[in-house]
Amino acid sequence: MCVRRLFRSSHLQWAWQATFLRTVQARRWGTHRWTHSGGSTYRAVIFDMGGVLIPSPARVAAEWEVQNHIPPGTILKALIKNGEHGPWMRFMRGEITTADFLREFGRLSSEISKTSVPVDSFFSLLTSEQVAQQFEVMTKAISQIRAKGLQTAVLTNNFYLSNGKSFLPLDRSQFDVVVESCLEGVCKPDSRIYQLCLERLGLQPSESIFLDDLGSNLKAAARLGIRTIKVDDPEAAVKELESLLGFPLHWDVPNTCPVRKTMEIPKDTLQKYLKDLLGTQTTGPLELLQFDHGQSNPTYYIRLANHQLVLRKKPPGSLLPSAHAIEREFRIMKALANTGVPVPRVLDLCEDSSVIGTPFYVMEYCPGHIYKDPSLPGLEPSQRRAIYTAMNRVLCQIHSVDFQAAGLDSYGKQGDYLPRQVQTWTKQYRAAETSTIPAMERLIQWLPLHLPRQQRTTVVHGDFRLDNLLFHPEKAEVLVVLDWELSTLGDPLTDVASSCLAHYLPSSFPLLKGVCDQDLTQLGIPPAEEYFRMYCLHMDMPPVENWNFYMAFSFFRLAAILQGVYKRSLKGQASSANAEQSGKLAEFTSNLAWDFATKEGFRVFKEMPAAKPLIRSCHTWARPWSLLSPTGRRSYSSVPGAPLAHTSKGVLVFSVEGLSPWVQELHDRLQRFMRQHVYPLEPELQRHQASVDRWTPSLLIEDLKEKAKAEGLWNLFLPLETDPERKYGAGLTNVEYAHLCEVMGMSLYAPEVFNCSAPDTGNMEVLVRYGTEAQKARWLIPLLEGKARSCFAMTEPKVASSDATNIEASIREEDGFYVINGHKWWISGVMDPRCQLCVFMGKTDPRAPRHQQQSMLLVPMDTPGIKIIRPLSVYGLEDAPGGHGEIRFENVRVPKENMILGPGRGFEIAQGRLGPGRIHHCMRLIGFSERALALMKARVKSRVAFGKPLVEQGTILADIAQSRVEIEQARLLVLKAAHLMDVAGNKAAASHIAMIKMVAPSMAYRVIDRAIQAFGAAGLSSDYPLAQFFAWARALRFADGPDEVHQVTVAKMELKHQT
């Protein structure tokens, strides 16, 4: 039921207080708690969000105002302004977008404070992960409440974010009911939203307890008969909740939680078994908790009298073949007890399922610390390095065990470990398969064909990771190695790869956090390559070359495990509370596995002698770099239903025929659109560019944009690795888009028609890669929608700007703002009246290291102090309406939240911006060249000179042949660069990116020159696009760096290369 539909008119004059006016209401209502009388048994607990589950937004606002020198109380006054008709109220009811709210809210705040208020900064802080984190005491309390069979709900006044999702930074699985004001169209303290919550819980008011930090909200709940608790301090509130519920909401054993309903085991028979095992003197109640760690075998903490134990059992229900082998865990730990490998002391293996329903074993509990987060927060860099070193050394201990002396020679087959493992995990995956995962299908074919030769056989743990180690609480010492379920005899390098999984996973990965998005050098964590070298040094062995295979296999195995967890979650058998997420994670990790298969194939390809044919498949495919997105998100690309698996990401696709079917279809639609709509309008568009109205955007272009959107040809440019969830673009790889970009390059007007023109493409990519949510809401969305244009200001007239470190424009901090001064020119797009944003590069700290002096700011073009001096022309062409301008920035004041990424990061951003952009430039140049050659061929077939058609002249034929050869050569090099960017990243492709920037403009310049020569004087006129093609081909030998800079780059890299 949606309250918005039922109650269109609502009188909500106080609803704005729900999240921000804690301090105001505390004074108004004091500390009085509104309660009801009666002694009903409670069946549900309802939580507010801000100030109860996460920090109070009022405190965030107050602290932010102090830090940003904003008059105290500005934010609160702006929120209450205009009551229920104000922007805050409409925002919480879901009636306006984030961009509209920030615009109106910023205006109100500035009016109240009599100064510019950077509300984007406040909103970013309010919705940031570091602020919006749930209090641990509340998380534990909710777990205990649910374990006792009570329902939980969250009832919050919230809003939509710019990505179309509601702001609810909570794990929804904690709650039986979630009621959000922005979805329902009504806010607290209106009684209807409480009634809606109770209706969804199926309870009477007297059966529930409501926690909130605002008196008005509590008073409204109490009037309905709901028991209330005023939250001033979460710890105190939980204690008060304990007294009402009559059971404890805290526990002391780390990494445990109450036993989940689906994982309960019979205590009576377990207690009898333990008394028989431990002795008759064991008396007292049995305390049972479940470890929240691990996905496979449910694990429990037991306290009985003075004994602390750990019980590990098989999951209930039918299981996959040979999975959950707790018997093997027990055997290996018992055998390793006297080998120096730190393992728990195991007590007994019980294979009698009548005791607790499944076989299990018992071991002694060992207190210590498990590091679930591989970034090791709270430790010093030296401590982090020591932890990883200890982890590496204990792995070497495992691999050094004399397994025959330990009685483990029959623990696994010796030899052919990897073939058997691939076969085993393929079977496990097939048994757990719920839908087709394309990457898994490819891996199942690829892995058996690329098996390395096994060098050694040792004991292998099978799942060796940091979070399977128990550390001493005060020093970097491994006390216990846990989770031996997958152990056997096999190739030790699989363990090394397994221990590096976190290096390639993002920190947001739900079930196994990673560090791939962290600065490992700053953290003190050894990179995967160094960790592997450390292992080889300890084991006195040379490094192996096929490391990528082992990583591919490890991620393949992880994907199979996650798929099994997911299938068990569908049956209610999984041991982890968040196991249902593992379905999407299995696809994600399989794509990661395929990425390493890609790199291994590429390594083999590079090492093969040129004279020998390829003897094994090096076809490579790669992954979308993100978890699958939830359904229902807003997309700013009009490409429908693009699949997430790309058949062309790993394969170097030379022709359109090699692209995946959906990209081929996209290519066909693009060509058809060009023939039907773009080429016929070129003469009229050219006339507009030469008219007195040239600085006004053409209505024909605007009409073509709408048609392009309607036909699914919009925002095609964003590369897959930048936008892996396809929230903003079509999700194409660099290779795929390169083929489309060539088609767009055949007309000077086409890129803008499809919203794929520079500098907007580069600026949008910067915002996607580096922008905050608030920056994206204000600038990215209008650019993606084609409602605004932008420019990029770096080049300066007084310095050689080909060296970006030369720029002199200054950015200095002053009173919570940045003040910029500088003189820029050749600023493409700045003359366009739709240009609303300038991405400005200047120096924030001239004394910093050379490449950390520059910063980038988002500068609104209507900011006072921006003066456009004149438009510049290229060979007399003004390129209206965008043009290329010369600008002065004089004391331009920009809010601090307009800084991109942070001070000193400008050079880094500029480099990240250039990779895909250079592919775009070069493929458009190839489009220029193909169009020029096509025009040339048509021309020479129709013209006669000296008694015979031009096409029969030997020099013409030679020119046509030379042009075709040069186009093909350049295209292959550009596609190879795009391929390298897709499979190995921009850094690895740096030399090839520099090569194409050297080759493509010069090639186009020559090809177009030959076409002009064949046309004669007509080629110089505006009747054909050749003159403009020629001008821009020449100009692009400067844009994004002159040829000489790229020549130096290529030469330096070549000299470093060992032949």
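Colleague: Which residues of helix 7 are buried?
Modeller: This is a predicted model. Buried here means under 20% relative accessible area. In helix 7, that applies to Thr 98, Phe 101, Leu 102, Phe 105, Gly 106, Leu 108, Ser 109 and Ser 113.

Colleague: Which helices do the buried residues of helix 7 pack against?
Modeller: Contact means heavy atoms within 4.5 Å. The partners of these buried residues include helix 29 (773-784). The others are helix 5 (74-80), helix 6 (87-92) and helix 8 (119-126).

Colleague: How many Å does helix 7 reach from its first C-alpha to its last?
Modeller: Helix 7 covers residues 98-113, which is 16 residues. At 1.5 Å a residue, 22 Å is expected. The model comes close to that, with a reach of 22 Å.

Colleague: Which residue just after helix 7 takes a positive phi?
Modeller: Helix 7 runs over residues 98-113. Just after it, a phi of about 60° belongs to Lys 114.

Colleague: In what order do the five strands of the open sheet lie?
Modeller: The pairing in this sheet is parallel. Strand 3 (177-180) and strand 5 (227-230) each pair on one side only, as edge strands. Neighbouring strands are turned by 20° against each other on average, direction ignored. The order is 3-2-1-4-5.

Colleague: Which residue in strand 4 stands opposite Ala 44?
Modeller: Strand 1 (residues 44-47) and strand 4 (residues 208-212) run parallel. Four bridges join them. Opposite Ala 44 stands Ser 208.

Colleague: What angle does helix 11 make with strand 3?
Modeller: Helix 11 (residues 191-201) packs on the sheet. It touches strand 1, strand 2 (151-156), strand 3 and strand 4. Its direction and that of strand 3 make about 160°.

Definitions and conventions:
Residues are numbered from 1 along each chain as its sequence is written. This is a predicted model: local features need pLDDT of at least 70, side-chain atom pairs count only at pLDDT 80 or more; totals for chains, interfaces and linings use all residues. Side-chain values use heavy atoms; hydrogens and water are left out. Two strands pair if DSSP finds at least two bridges between them. Helices (H or I, at least four residues) and strands (E, at least two) are DSSP runs, numbered from the N terminus. Axes are lines fitted to C-alpha atoms, for helices over the stretch in contact, and angles run from 0 to 180 degrees between N-to-C directions. The expected span of a helix is 1.5 Å times one less than its number of residues. Buried means under 20% relative accessible area, exposed over 50%, partly exposed in between (1.4 Å probe, protein chains only).
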